[in-house]
Amino acid sequence: MSDIEEQAARFEAGPRKLDAIPRLVVRVLAATLTLLAVNQTFNLGFFIDYTIVDLRFYYMVIALGLFCTFLLYPASQKHRRENPPWHDWVLAVAVLVVCGYFIGNTMSILLRGWEMSPPPTAIYFALALWALVLEAGRRAAGWPLAIVVGVMSFYPIYTEYLPAAIAGFASPLSYTAAYHAMGSESILGIPMRTFANLIIGFLIFGAALQRTGAGAFFMDLSFALLGRVRGGPAKVSIFSSGLMGSMSGSVITNVLTTGVMTIPAMKRIGIRGTFAAGVETCASTGGTLMPPVMGATAFVMASIMNVPYANIALAAIIPSALYFFGLFVQIDSMAAKENLSGMKEEDLPKLGKTIKEGWYYIFAFAVLIYMLLVLRREALAPYYATPLLILLNQVFSKKHRWTWSAFGQFLDDLGSLFANLVAILAAVGLIIGALSMTGVAATLVNDLLRIADGNSLLLLIMGALTGLILGIGMTSTAAYIFLAILLAPALIRVGLDPIAVHMFIFYWGMLSFITPPVALGAFAAASIAKTPPMKTGFEAMRLGSVIYFIPFFFVFDPALVGQGTAGEIASSLALAVVGIALFACAMQGYVPVVGALFRKAWYGLPLRIALLLAAILIALPADGIPGWNDLELLLAALVLAVPVLGLAAVMNRNAARGTT
């Protein structure tokens, strides 16, 4: 296990380091799962001359993925060992036996409807799979997810004893177990089907990016382009983390990959440690929201909405760009206020040399983006881009050319990724299965609408707070799925755009990474910066504060997620850019041309709050405040902002002249 993985294990349930034999087993299973995915995607008929039935393929994915989970993830993070103990091997073999039973009886499940009327033997195996999935989910994502999923998975059994508002159709234990294990809406539901059909390919591409020289190339390119400007290393963090986010799909891994270079570089030019760690946290969080590859949640979103992934990626461009723009302006304002310079030229890679040594990696990204956005072949795209990337690396890169050892590390990465996501997505599927069995999702939608009295803003606030709370204890994917089932239909029924609604839920599930008291991304960055974790979390929250507003902007104005005419998109984007720029400047207390905002003056804080309010009014769509239009909001913002900016400009000019 790499140093990054060892550090990551301190902040989230992470894989352990394996000795030779279990490591070899995981590598073989990762390679087997990769070959199965390729076979299924391209209908190649490896060894058997026919394509595997989808249901049988899903059971194979679960068997191989959970086998890796029990070898890689210890029962307790406090008792990590290099070798899995005997009981982990027993659980791993049990997964093979249980899934093997379902693989052997796939046609009976399909043709005889075993999920509705299972034979006694199938019930026992279903109970075993249910228990194994819960334990694997606990190991991969921790107790919070396990408790939520565990309680929800038993929901059909105790639902009749609950208040009428949240009660549903009751089911006995035998039927519940059969539905979970063999139905199409639970363990084998949308999350697992999305993983098997889409996500595997992108995990392979991301692992290849990290193990070739592409990651180093994009990091060096970031330093070469932005390292020498004011606040350079902080701006490098934004650029590099935005690129690296599409490779790892994990905020923690992103922080620990790019942060080891950017955080020390920021501190060397005079940026205080908490600010440096906060920048890296916010940039890494934004990296998972940035197209073209946005992590597992975006693919699940596409499946739930039944739209091509390209639609999700295109919708995410403007919101993610606005978020990174806000970060960039905050950093630039801070650097200008503190008179911080960039890095010394001798400490930076040369732009020409960097491009010469890594220009060819861009072709792999170009193929991926072309197939995703133009050809709309998201299932095939990574399987073309990955071999091209590896070929380019082997032909052109002497420094990063793969050896057999490097190939083994690539399989280690795949094994860890497969183990983590199969366990989490199979467990999350249990929530969907329970809600599907009871039929409670539809009744809860009506209850939410009644509570909110059809008020979209109140529903959005309820959803934002729920997403933030769920994101504290669950993975962002689990939090998104939960709200996509229960809240999204209610928001859509009050007239909000479906893609904007689902993107809103997605964003709020991610915010726990920068929001105390959990703020795992900030705590990981604090370990590099050697700063107080909680203080770092509040700094990250302040730096990333614009992200708390951006979801409200685009959910009230779908043009910001590409749902509108070119003119509507342009005008909405222009207002959002101006509003976010003013917001970021007010947060840091410095506006270009105007200068510092009331430095150390007792009345500075209320005046900056007025600027923040003006910024929100500029960017906020008129639908966010009933009875107002965009022109009226803009005029109100100008009434607030112009006097404050004018006063600051006069005071700065007088100070420069030495007058009062």
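Reply: Let us look at helix α23 and its two partners. Keep in mind that this is a predicted model.

Start with the partner that follows in the chain. Helix α23 covers residues 476–486, and helix α25 covers residues 498–510. Their axes come within 9 Å. They cross at roughly 140°. Angles over 145 degrees would count as roughly antiparallel. The pair α23 and α25 is therefore classed as oblique. The crossing of α23 past α25 is right-handed.

Which residues of α23 and α25 meet? From α23 come S476, Y480, L483 and A484. From α25 come H502, I505, F506, G509 and M510. Sorted by class, this contact holds six nonpolar residues and three polar ones, with no charged residues.

Look at the spacing of those numbers. An α-helix has 3.6 residues a turn, so residues three or four places apart point the same way. With that in mind, find S476, Y480 and L483 on α23. Then find H502, I505 and F506 on α25.

Now turn to the second partner. Helix α15 spans residues 296–305 and also packs with α23. Here the axes are 9 Å apart, and the angle is about 20°. Angles under 35 degrees count as roughly parallel. So α15 and α23 are roughly parallel to each other. This crossing, too, is right-handed.

On the α15 side, the contact is made by A296, T297, V300, M301 and I304. On the α23 side, it is made by S476, T477, Y480, I481 and A484. The contact of α15 with α23 has seven nonpolar and three polar residues, and no charged ones.

For context, look at another helix, α20. It runs over residues 404–438. At 1.5 Å a residue, its 35 residues should span 51 Å, and its end C-alpha atoms are 51 Å apart, so the two values agree. Helix α20 is mostly covered, with 28 of its 35 residues buried. Just after α20 comes G439, which takes a positive phi of about 70°.

To recap, α23 is oblique to α25 and roughly parallel to α15.

How values were computed. Residues numbered from 1 in each chain as written. Predicted model: local features only at pLDDT ≥ 70, side-chain atom pairs only at ≥ 80, totals over all residues. Heavy atoms only, no water. Axes fitted to C-alpha atoms, helices over the stretch in contact; angles between N-to-C directions. Helix = DSSP H or I, 4+ residues; strand = E, 2+ residues; numbered from the N terminus. Parallel < 35°, antiparallel > 145°, perpendicular 65-115°, else oblique. Left-handed = near helix turned anticlockwise from the far one by under 90°. Contact = heavy atoms within 4.5 Å. Nonpolar A, V, L, I, M, F, W, Y, C, P; charged D, E, K, R; others polar. Expected span 1.5 Å × (residues − 1). Buried < 20%, exposed > 50% of the residue type's maximum accessible area, 1.4 Å probe, protein only.
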